[in-house]
There are 2 protein chains.
Amino acid sequence: MEEMKPSPPNSSPLTPLGFLERAATVYGDCPSVIYNDTTYTWSQTHSRCLRVASSLASAGIGRGHVVSVVAPNVPAMYELHFAVPMCGAVLNNINTRLDARTVSFLLRHGDSKLIFVDAQSRALVLEALSLFPLSSDRPLLVLIADDDAALGNQLISSSSGNVGFWCTYESLVERGNPDFQWIRPASEWDPMILNYTSGTTSAPKGVVHCHRGIFSITVNTLVDWAVPKQPVYLWTLPMFHANGWSFPWGLAAVGGTSICLRKFDAAAIYHLIRRHSVTHMCGAPVVLNMLSSGAGSSSDAEPLKHPVKILTAGAPPPAAVLFWTESLGFEVSHGYGLTETGGVVVSCAWQPQWNRLPARERAGLKARQGVRTVAMTEAEVVDPESGAPVRRDGSTLGEIVLRGGCVMLGYLKDPEGTAKCLRGGWFYTGDVGVMHPDGYLEIKDRSKDVIISGGENLSSVEVESVLYGHPEVNEAAVVARPDEFWGETPCAFVSLKANRGGQQAPPTEKEIVEYCRSRMPHYMVPKTVVFKEELPKTSTGKIQKYLLREFAKQMGPPSSRISRM
Amino acid sequence: MEEMKPSPPNSSPLTPLGFLERAATVYGDCPSVIYNDTTYTWSQTHSRCLRVASSLASAGIGRGHVVSVVAPNVPAMYELHFAVPMCGAVLNNINTRLDARTVSFLLRHGDSKLIFVDAQSRALVLEALSLFPLSSDRPLLVLIADDDAALGNQLISSSSGNVGFWCTYESLVERGNPDFQWIRPASEWDPMILNYTSGTTSAPKGVVHCHRGIFSITVNTLVDWAVPKQPVYLWTLPMFHANGWSFPWGLAAVGGTSICLRKFDAAAIYHLIRRHSVTHMCGAPVVLNMLSSGAGSSSDAEPLKHPVKILTAGAPPPAAVLFWTESLGFEVSHGYGLTETGGVVVSCAWQPQWNRLPARERAGLKARQGVRTVAMTEAEVVDPESGAPVRRDGSTLGEIVLRGGCVMLGYLKDPEGTAKCLRGGWFYTGDVGVMHPDGYLEIKDRSKDVIISGGENLSSVEVESVLYGHPEVNEAAVVARPDEFWGETPCAFVSLKANRGGQQAPPTEKEIVEYCRSRMPHYMVPKTVVFKEELPKTSTGKIQKYLLREFAKQMGPPSSRISRM
């Protein structure tokens with residue numbers, strides 16, 4: 001059997017890009033993307049993506065170049081998931097809620113050659129570029145103004161100097177070649193995606209996925225969630241979060257329809273579900289929270305006329321939220337993944353006999369992260385010292401480790417960071433969990449510095465470093481405070497400097513919050529500030545965050561919010 | 001980006017074997033395999049497979065060794081799709097309906113180390129072994145006697161000499177270790193499967209698939225057929241036919257239930273559909289024929305109480321058969337694949353707007369093979385000389401070529417045969433087809449089945465599909481008959497429906513010819529019609545055209561007919 005070797009017919013690189021071509025053949029006249037009153041068909045989306053890819057190629061963008069996108073879930077954002085890699089480049093989605101300093105850092109770290117900028121993120125990106133060193137090259141700028149040509153032209157003509165816009169997205173479509181021969185990857189290990197994590201350290205990490213990895217997570221998710229042909233998918237998950245967990249490509253594979261939207265609340269979601277007969281949606285638990293807490297008008301949260309499947313991940317969903325969401329007619333699946341895995345790679349695969357249990361017990365079982373999905377080789381909880389699996393007793397803590405086709409290639413320009421988490425044949429997630437006797441794993445604690453607020457991972461270290469910049473602050477520690485709406489919010493424990501000069505009044509909670517607000521994205525700003533004489537420390541002087549976390553937990557959710565539930 | 005390279009956590013070999021372990025975790029107490037009155041759960045199937053794998057390893061079977069199976073669709077057959085590769089060996093299913101000489105050839109060609117033999121194939125295999133040269137090593141023999149221990153022991157004790165049985169399958173289960181650490185492939189390109197192509201060629205070829213290829217076809221088929229969680233699957237397709245098109249592994253991925261059976265007719269199928277609420281089944285068009293032609297008692301072919309999905313492939317299904325099968329409540333999907341692709345890699349992806357067409361028109365569209373499935377990179381119809389794609393006009397004949405992850409590694413010990421079909425980046429299928437303007441391909445014939453009459457290439461399949469539309473025709477096959485004037489002329493072999501109503505006279509040759517004449521170009525009309533009780537078929541239900549071709553050759557040129565032209 002030794003003579004049997006791979007050859008071009010059986011080893012052509014795995015990539016999800018071909019799904020688009022196939023969708024145009026099979027579902028050519030069916031809706032691909034719907035946004036407000038605009039509907040595209042798969043033929044049109046295919047043609048538009050080829051046009052944009054050809055325009056990028058004409059502009060000199062090609063293999064290995066990084067192309068960034070700062071945009072919400074508009075049609076251009078969907079299309080760029082194909083168009084950018086179809087010209088050979090690497091797609092780099094950037095969170096629109098970051099501050100200019102961070103965006104500037106990411107653009108330079110990734111050596112971005114071109115940025116697609118939504119009109120509403122224009123000021124953010126221009127400010128980010130103004131922070132570039134004078135000597136450095138500026139990326140090309142393309143404006144996404146939906147199909148509002150007048151707005152586009154006005155914004156472009158009003159920009160000037162070396163940070164001006166090149167053109168609008170629609171003009172790239174218009175001037176492009178619909179018969180462009182798209183650039184297939186030379187190898188399935190070629191980079192396709194660059195996503196920055198907000199991370200557990202103050203320096204964001206650039207997660208690189210290859211074509212094979214993105215193919216794997218895409219097919220994996222379709223099988224795991226049993227996605228049927230032609231679903232109607234509502235984009236309540238930002239595509240800049242791990243590429244919308246691979247659904248831009250997955251929907252092409254099954255001919256689904258994307259319902260795009262810039263922003264949403266409960267009322268918008270319920271309206272679109274009814275209008276388009278939505279069948280599927282994804283979101284962090286905060287989205288479930290929104291649906292079930294009647295965050296919109298009370299009449300919105302009425303039982304659905306047809307079942308809608310929701311896949312939730314990104315944080316452990318509170319059992320109570322699961323319970324309420326399901327009682328409204330949503331069918332919730334719960335999974336787990338990281339930017340480093342491109343999407344959901346562990347899921348709480350539902351066991352039929354659980355349907356006979358009381359609802360709250362069901363919700364408790366569903367709050368567990370679960371078992372590896374089909375494209376993953378293994379998922380374990382191990383002792384981080386020895387690497388040996390922990391006891392399957394549901395209580396022994398260990399680190400969650402994964403291996404399989406969806407794991408990233410590594411962190412860009414960070415061989416040390418890469419080697420730290422990709423070792424011994426495993427990806428070390430940094431998440432702490434237990435393995436239950438039935439083989440389902442459950443996260444007990446995100447790696448201890450991370451706070452997950454409204455689906456966003458935020459690093460306590462980053463917030464602390466800002467607090468430490470305040471002239472009156474002596475020590476600061478930020479931990480998660482449970483919140484029924486946001487999941488968690490940052491809670492800052494602060495001690496003030498001793499020799500402050502007798503006359504001056506100490507800073508108030510409000511002043512500290514305002515200080516932070518001017519220096520970081522809103523979602524990172526502490527919602528609570530607790531002043532302490534001294535922060536608890538270990539004998540070696542490390543602040544004992546676990547004690548503060550306990551304290552924050554005992555404070556409970558902010559009472560003003562409880563009344564709204 | 002150049003520093004980004006694959007590493008063990010993201011490049012662990014793709015293989016479908018892990019699906020079993022996962023099924024045991026998620027669906028442990030759910031039925032995996034049902035056979036007569038025996039039901040196994042996924043926990044049991046997992047444990048049984050590990051036991052058998054460990055017993056094989058103890059017997060010295062390991063990496064690269066070929067293990068053969070000669071058995072129908074019994075539970076052991078299902079389990080061996082996991083157990084054999086789990087000890088590192090290569091699974092080699094052998095068609096139970098082959099003759100001893102062929103079986104002997106295959107066993108020696110594959111250098112089989114061990115054979116699992118169903119009790120009913122015992123004589124066949126013993127005869128095959130008796131044809132081995134005296135000097136050659138004999139494989140170990142293991143007897144599959146279902147769970148009939150008495151029969152097993154009796155058959156084993158009655159065997160003797162150097163062709164005796166080692167033990168029964170169940171004893172391998174009993175003595176095995178359920179905690180066996182199964183052997184993962186060292187590389188995803190490691191051989192996992194050896195399948196001999198059947199029937200239609202004189203020299204069988206040993207198709208070798210690797211773990212990656214089998215993973216690809218398995219996931220591919222689940223996505224393409226949109227298989228939900230926990231389907232109930234009736235095994236009307238022999239597992240020895242291209243490993244049941246990958247469903248032994250696919251059913252583990254989705255926790256489905258296999259309804260096993262030794263043999264079947266229409267009555268058995270309808271009975272099992274009702275008894276087990278079957279949701280899915282596969283089969284060559286001959287199975288559809290059986291269901292819709294009332295091959296059993298007339299009461300069997302009654303409309304179903306719930307829809308049953310059938311995936312058919314292996315031969316182009318006549319539109320009339322599709323029409324009748326669907327009118328009974330079956331939802332037919334039509335695909336195309338070869339042993340060399342491990343299963344269905346082109347499928348007639350259904351377009352929603354086709355549902356508005358009249359039933360016969362729908363059936364005509366569904367009889368086309370279609371578009372590539374999601375794990376395949378490309379499917380084309382090319383001019384075999386130049387390699388250039390043919391015009392997309394639905395009439396220009398060319399050879400169907402494929403590339404993608406499901407294509408075989410090659411033919412065992414046949415570098416020439418491999419090089420002949422794996423070339424220029426494509427797998428040349430040897431099938432002749434056309435590309436329709438809408439991008440759907442349609443097979444017109446195997447290259448060797450094309451009839452060249454008066455310089456015109458004509459497709460025997462097209463003639464057959466017209467013949468199938470005749471109300472009295474049960475089965476039809478058209479082959480070339482040598483002709484001194486035309487070179488070749490189409491010669492039709494026809495069997496008539498059994499329950500035709502006693503009084504009516506059977507159609508004559510002249511009537512059949514006239515029926516054809518009004519429905520196709522003159523050059524395509526059969527010049528000869530031969531009525532047969534039954535047409536010769538392979539074990540997988542394919543009509544053995546080479547036998548009919550031989551028959552037509554021996555008839556000689558129709559000298560009397562030349563004068564009539």
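Author: Here is a walk through the rings, followed by a few other spots to look at.

Keep in mind that this is a predicted model. Searching the whole structure turns up 24 aromatic pairs over all chains. A pair of aromatic rings is described by the distance of the centres and the angle of the planes.

Start with A:Y233 and A:F247, which make a stacked pair, with 5.0 Å centre to centre and 20° between the planes. That angle counts as stacked because the planes are under 30 degrees apart. Now find the two residues along the chain: A:Y233 belongs to strand β10 (residues 232–234) of chain A, while A:F247 is in helix α10 (residues 247–254) of chain A, so the pair ties together parts that are 14 residues apart in sequence. How buried is A:Y233? Its relative accessibility is 1%, so A:Y233 counts as buried. A:F247 is buried too, with a relative accessible area of 2%.

Now hop over to chain B. B:Y78 and B:F82 form a tilted aromatic pair, 6.1 Å centre to centre and with 50° between the planes. Why are they separated by about one helical turn? Because B:Y78 and B:F82 are four residues apart in helix α3 (residues 75–86) of chain B. Both B:Y78 and B:F82 are buried.

Rings can have charged neighbours as well. B:R108 lies over the face of B:F132, 5.4 Å from the ring centre. Over the ring of B:Y411 you'll find the charged end of B:K205, at 4.9 Å from the ring's centre.

While you're in chain B, have a look at B:N243, which is part of helix α9 (residues 242–245). With 2% relative accessibility, B:N243 counts as buried. Leaving out residues up to four places away in sequence, B:N243 touches several others, including B:H81, B:N93, B:I193 and B:W249. In the loop between α9 and α10 (247–254) of chain B sits B:S246. Phi of B:S246 is positive, near 85°, even though this residue is not a glycine. B:S246 counts as buried, at 1% relative accessibility. Chain A has a positive phi to show you as well: A:K413, not a glycine either, has a phi of about 55°. A:K413 is in the loop between β19 (410–411) and α15 (415–421) of chain A.

Helix α2 (residues 42–58) of chain B is worth a stop too. Its 17 residues reach 24 Å from the first C-alpha to the last, close to the 24 Å expected at 1.5 Å a residue. Among the buried residues of α2(B) are B:W42, B:H46, B:R48 and B:L50. After α2(B) comes B:G60, with a positive phi near 90°.

Finally, zoom out to where the chains meet. The size of an interface is often given as the accessible area lost when the parts come together. Between chain A and chain B the buried area is about 5,300 Å², and carbon and sulfur atoms give 62% of that. Chain A puts 72 residues into the contact, and chain B puts in 72 residues. Eight salt bridges are found across the interface of chain A and chain B. To see a salt bridge up close, look for the side chains of B:R184 and A:E378, which meet at 3.8 Å, N to O.

Technical notes: Residues are numbered from 1 along each chain as its sequence is written. Chains are lettered from A and ligands numbered from 1 in the order in which they are written. This is a predicted model: local features need pLDDT of at least 70, side-chain atom pairs count only at pLDDT 80 or more; totals for chains, interfaces and linings use all residues. Side-chain values use heavy atoms; hydrogens and water are left out. The expected span of a helix is 1.5 Å times one less than its number of residues. Buried means under 20% relative accessible area, exposed over 50%, partly exposed in between (1.4 Å probe, protein chains only). Rings of Phe, Tyr and Trp (its six-membered ring) pair if their centres lie within 6.5 Å; planes under 30 degrees apart count as stacked, over 60 as edge-to-face and the rest as tilted. A charge sits over a ring if NZ of Lys or CZ of Arg is within 6 Å of the ring centre and within 35 degrees of the ring normal. Contact means heavy atoms within 4.5 Å. Buried area is the accessible area (1.4 Å probe) that two parts lose on being put together, summed over both. A salt bridge is a side-chain nitrogen of Lys or Arg within 4 Å of a carboxyl oxygen of Asp or Glu.
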